[in-house]
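Reader: I'd like to learn how to read an interface. Where do we begin?

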Amino acid sequence: MLDVLFPSGIDTLHGFRRPRFLTGLYQRVVRRLSGYSALPDAGAARCLAAPATRWTGPTVVVGAGRAGRAAVRRLVAAGERPLVLDRALRVPEVPGADLLPGSTATFLPPPSGDPDRPFTLLGYSEPARGFAVRARRVVVATGGYDAGLLFGGNDRPGVVTAEGAFALTPTPGAGPLRRAVVIGGGDRAAAAIDRLHESVVAVVAPGEIRPEVVRRASELGVPLFPRTLVRSVVGRRRVRGLRLESRGGGASFSVDGDSVVLAHRRLPHAQLFFQAGARMGWRAGTGAYYPEVSDAGATSVPGLYAAGTGAGVVPDDAEASGERAAAAALAAPIDGPPPRWIPRDGPSEMEGYYRELLAGPRPGRWVACPCEDVLLGEIEEAHRAGYRGIEVVKRYTGVGTGLCQGRYCLPDTLLLLARLEQRSPPEVGYITQRPPVHPTPLAALAALRDEFPAEATP
Amino acid sequence: MTLARSEYRTIVVGAGIVGLFTAYHLARAGAGPILVVDRGFLSNGGSGRNGGGVRQQWETRSTIRLAREAVADYRRFSSEFGYNIWFRQGGYLFLADSPTELARLARVHAVVRAEGLPSELLDADAVGARLDGLAPGAVLGGSYLRSDGTLYPFPAVWGVYEAARRLGVEVALGVDCRGVTVRDGRVAGVATSAGTVATGTLVNAAGGWSGDLSRSAGLDVPNVASRHEILATEPTKPFLDPMVVRASDGLYFSQTMRGELVGGLTVPHPPGTARGVPSSPRFLTAMAGALVGLWPRLGALGVLRAWTGFYDDTPDGLPIVGADPRLAGFVHANGFGGHGFMLAPAATRRVAAAVLGERVDLDPAEFSPGRFVGRTTPTTVERLQLG
Ligand SMILES: Cc1cc2nc3c(=O)[nH]c(=O)nc-3n(C[C@H](O)[C@H](O)[C@H](O)COP(=O)(O)OP(=O)(O)OC[C@H]3O[C@@H](n4cnc5c(N)ncnc54)[C@H](O)[C@@H]3O)c2cc1C
């Protein structure tokens, strides 16, 4: 109809139709709607103009969690003075090591030809101080993060990851989440229950529920729902409960609650390995790519070591893997049993979960990519239009191109596409990880502008 | 992957914007069957990695004319192809940071004006009025043309891809062209990863890899693949209308419809395709330094991602369009440097004409593949290159 009335131009990308003479107005409106906030003014930018931090030494350890700290202790014991950096603003000192807290490593290019200092690690310290670290060896122990989950209304206020819930809950039981439904049945769910404590009203797991979670829940007298599909949020403006369904065609029912805490799946912060050119491999256990690592912790890139859950080690062995990676970096003998790894093969819990979930009804908004507001339906539409593979679907829908650069949405998108394309997730694609890992202020990078001489032209 | 036929009238290598537009024009002329092969996914070449800039301010009149025609094409694109490419004509603002650059912009301005386009020369204050808070003394003046602009490259690729397929073009993704078979001095077919296919005409639209492809067919060509990097920041509310460029160091940046600042800078890298397209810390820091040095208020913006692609450079800065005089059936649609996206709709009309054996309305001394054969100094050079 509109085509007939306004034959000069109808724009249709993603379904929006308008006559051509309104182009200018329409573009102005759309531009206003885009963007997260206004560009900070010149004053704010001036405050950020700080000189960069430079550090040079034998070994840098990225991440001061259990694995990273164990690695640092081992390096110090061998007489080194390593640098350890972590995103957290408050990190306990490790005697004998240099510490850069509040610092995010965002770019680890592949090693250069310089045999003394092959690695340069770039990043920024809060709020916008750039750093450049040159080292002979890098131990990456960046751990993981809580994955998102697809269900109707998953963008509703009240849906948070466990990490988000922890930030909102300074001391056990305190904070704004009063009636939380915890999703998950493993150690992350157990940690969530410990922190939220009496605020937990139910525990719902996509798969089985482990004994430590069962024990905690029964202590609190909280109901448990193992092998359950999360179908949708109850409540229009905010979370008032969850609609659930027992797996295998079981009954539908609801639970009440004011929040949903996602603690069902930990994904690795593996971007630095990708950037450095390390060989990566799929681990079906969580459904994610990890670096290929020897039992000692060596990646395929000489001088780059991996430790902890970000390397694919099970949480209980994180510390031991940190020590082993440090020993390997020192070329020292390694003792103790090899760490246990997240399984490579076998059924991927979430793959089966989504197959079952998505065969059923889909009430409400199913947001695949919260940063760019891409809906599940748009991914399916791209598939119907003949676009295949994650690289193409990412460009077609915009999924994974926002602030988090796909950390939250691409792992699930991979599972969705695997289901649609009837291929295994690693066949659907390898997600190119582009630097930087986290948004890095231009001011921080600008302060490092003299750090990199031109590449030699042969 | 299996191909539908064993013989095609024309095979296009490269499913970037140039290859797809070529196939589209050919299909509209009823010149099928046509096959487009690409070893990668859709948009994996320069067409999925560029800055989306479309400008008509050039040093050479022939480039201005092609660009002008392409602007008209892109203005019509949405209705013709049913895809919104977000072509926004916010202008191109060239900045001069030295008297030499100022003189160059004045020369360009004269040529652009002579072609009938209303470009304006701006003094430092007029530039400052458009870009609030520039570093003192960073800019001596500039030139501006309102009808230049930016577009969003992906939907343009999808639009042409889908339109070409609707017209019967077969697009085989994930199929590598491994060599050209020559019989009796003319193209007889191509060897692909999906088998050997017969054809009388091959169009080399392989972007940064087109030099590799021509050379694999025994043709000595001057194409050089050069690596160029680009970054995008986190999206903010609109604060910048034009694409801002500085020819002295190849800096360019614009704000997309989504609110991201997208831009690049010339950073020299070793030539050739062998090293792939990694991002370098040198680019990230030099680009950040250039942006913040020019416009300090950008300092608080966070860089979201950086990526890299190939320019397909020629010695005279002009593309190579037309039939190769040394090998019958081998047609070039390459050498587009850093401006193939904006020229594609117009330039590929001439490629299609060359394939069909029709007259090509371009000066052979400027665009034909033959211009490099046995010659070292080009007649015309387009020097206004960016990024
Ligand atoms: C960082 C950057 C910024 C840019 N900014 C702009 C801009 O603002 N405006 C503008 O107009 N242009 C810009 N360009 C240039 C523009 O992107 C290119 O000129 C244009 O996209 C070229 O299109 P194409 O179709 O010729 O090549 P491509 O899009 O590169 O497509 C070539 C295709 O050929 C395939 N291929 C190659 N060899 C083979 C083979 N042997 N077998 C099978 N397939 C093969 C490749 O996989 C590729 O998909 C920029 C480029 C870069 C890198």
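**Reading the interface**

Author: Chain B and chain A bury about 5,400 Å² between them, and carbon and sulfur atoms give 62% of that area. Buried area is the accessible area (1.4 Å probe) that two parts lose on being put together, summed over both. In chain B, Lys237(B), Thr285(B) and Arg297(B) lose the most area to chain A, together 11% of what that side buries. This is a predicted model: local features need pLDDT of at least 70, side-chain atom pairs count only at pLDDT 80 or more, and totals for chains, interfaces and linings use all residues. Residues are numbered from 1 along each chain as its sequence is written, chains are lettered from A and ligands numbered from 1 in the order written, and side-chain values use heavy atoms, without hydrogens and water.

Reader: How many residues does the contact take from each chain?

Author: Contact means heavy atoms within 4.5 Å. Chain B gives 61 residues and chain A gives 60 residues.

Reader: How many salt bridges are there between the chains?

Author: A salt bridge puts a side-chain nitrogen of Lys or Arg within 4 Å of a carboxyl oxygen of Asp or Glu. The count between chain B and chain A is two. One of them joins the side chains of Glu372(A) and Arg258(B) (3.3 Å, N to O).

Reader: Which strand of chain A is joined to β16(B)?

Author: Strands (E, at least two residues) are DSSP runs, numbered from the N terminus. Two strands pair if DSSP finds at least two bridges between them. Here two bridges join β22 (residues 440-441) of chain A to β16(B), and the strands run antiparallel. Thr440(A) stands opposite Val303(B) in β16(B).

Note on methods:
Helix = DSSP H or I, 4+ residues; strand = E, 2+ residues; numbered from the N terminus.
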